[in-house]
Amino acid sequence: MKLVDQAQVEKKMGRRLINNQVFKSIFLIATLFSLVVLGILMYRIFTQGYEFLSADFFNNFASRRPSNAGIKAAFIGTLWVMGVTIPVALIFGVGTAIYLEEYAKKNKFTRFIQMNISNLAGVPSIVFGLLGLTIFVRYFELGRSILAAGFTMALLILPVIVVASQESIRAVPGQLREASFGMGATKWQTIYRVVLPTAIPGILTGSILAFSRAVGETAPLIVVGAFAYVNYLPDGLLSTFTVMPIQIYNWASRPQTDFHDLAAAGIIILFIILIVMNTVAVLIRNKFSKRY
């Protein structure tokens, strides 16, 4: 310790402590600013829209009169589209991740595929809308239907689910696989009974985030052909439709103040849907995390 200059050490430590406090304060201010902005936004939305939250709001169709307008067609249309999007995206996304991580050989071709999947996650959503318009609406002649919209939204969120699932599968300890093989399990039995249950928390986290994005997307559905005004309920997968984001935008773009309040009420419903989806994901994740 005699070789250490105490004065120099105290000087450097004091500078480091000051830097630490400065950056800590900056991060705290950034966090508080974000929370304040979010709080103001939520307060504005709830104070504007809570008066329109009633049974009539859920049972009425869109109307030119704000007092008679409701979100029934858009709400049911959103459920129809997500009913197609979620299973298609989840099955193909997790299946792709399993193949790339467990079966595919590690070579230049698989690395090329992996790179393109990662790049697709950053492509603007309207590009997927144009792709859906070309393939599903025109080539397969599905028309402006729920099925075409569901497939398009599945393509949109597919890269996110693939990447999240790959990371979760990759994080499974190798000892679990080796123990399963040592007990005589086949490759698929190991994946189905060991790898997937262990990776489910991470897979669900990425998938729910992707589904939340799909619920709030508007551009791809406008390109595919979702209607802005619908006064009927879908009667099948090939029916025309509208969704909540498009209905909210339609109300918000009108000059009347009452329609702006209706848009705020629609945002509240959309917000509740997102909360429910994330709550279900947390509950399932916690269940599997305790088990494995």
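**Close-up views of the nonpolar core and its aromatic contacts**

**View 1. The largest nonpolar core.** The largest nonpolar core contains 46 residues, and those with the most contacts inside it are Ile157, Phe211, Leu221, Phe241 and Trp251; such a core is a set of buried Ala, Val, Leu, Ile, Met, Phe, Trp, Tyr and Cys residues joined through side-chain atoms within 4.5 Å, where buried means under 20% relative accessible area, exposed over 50% and partly exposed in between (1.4 Å probe, protein chains only). The model is predicted, so local features need pLDDT of at least 70 and side-chain atom pairs count only at pLDDT 80 or more, whereas totals for chains, interfaces and linings use all residues. Residues are numbered from 1 along each chain as its sequence is written, and side-chain values use heavy atoms, with hydrogens and water left out.

**View 2. Phe57 and Trp251.** Phenylalanine 57 and tryptophan 251 form a tilted aromatic pair, with 6.1 Å centre to centre and 40° between the planes (ring centres within 6.5 Å, using the six-membered ring of Trp; planes under 30 degrees apart are stacked, over 60 edge-to-face and the rest tilted). Both phenylalanine 57 and tryptophan 251 are buried, and Phe57, Phe58, Phe75 and Trp251 form one aromatic cluster.

**View 3. Phe136 and Phe151.** Phenylalanine 136 and phenylalanine 151 also form a tilted aromatic pair, at 5.4 Å centre to centre and 50° between the planes. Phenylalanine 136 counts as buried at 13% relative accessibility, whereas phenylalanine 151, at 25%, counts as partly exposed.

**View 4. Charges over rings.** Lysine 187 lies over the face of tyrosine 103, 5.9 Å from the ring centre, and arginine 254 over that of phenylalanine 259, at 4.7 Å (NZ of Lys or CZ of Arg within 6 Å of the ring centre and within 35 degrees of the ring normal).
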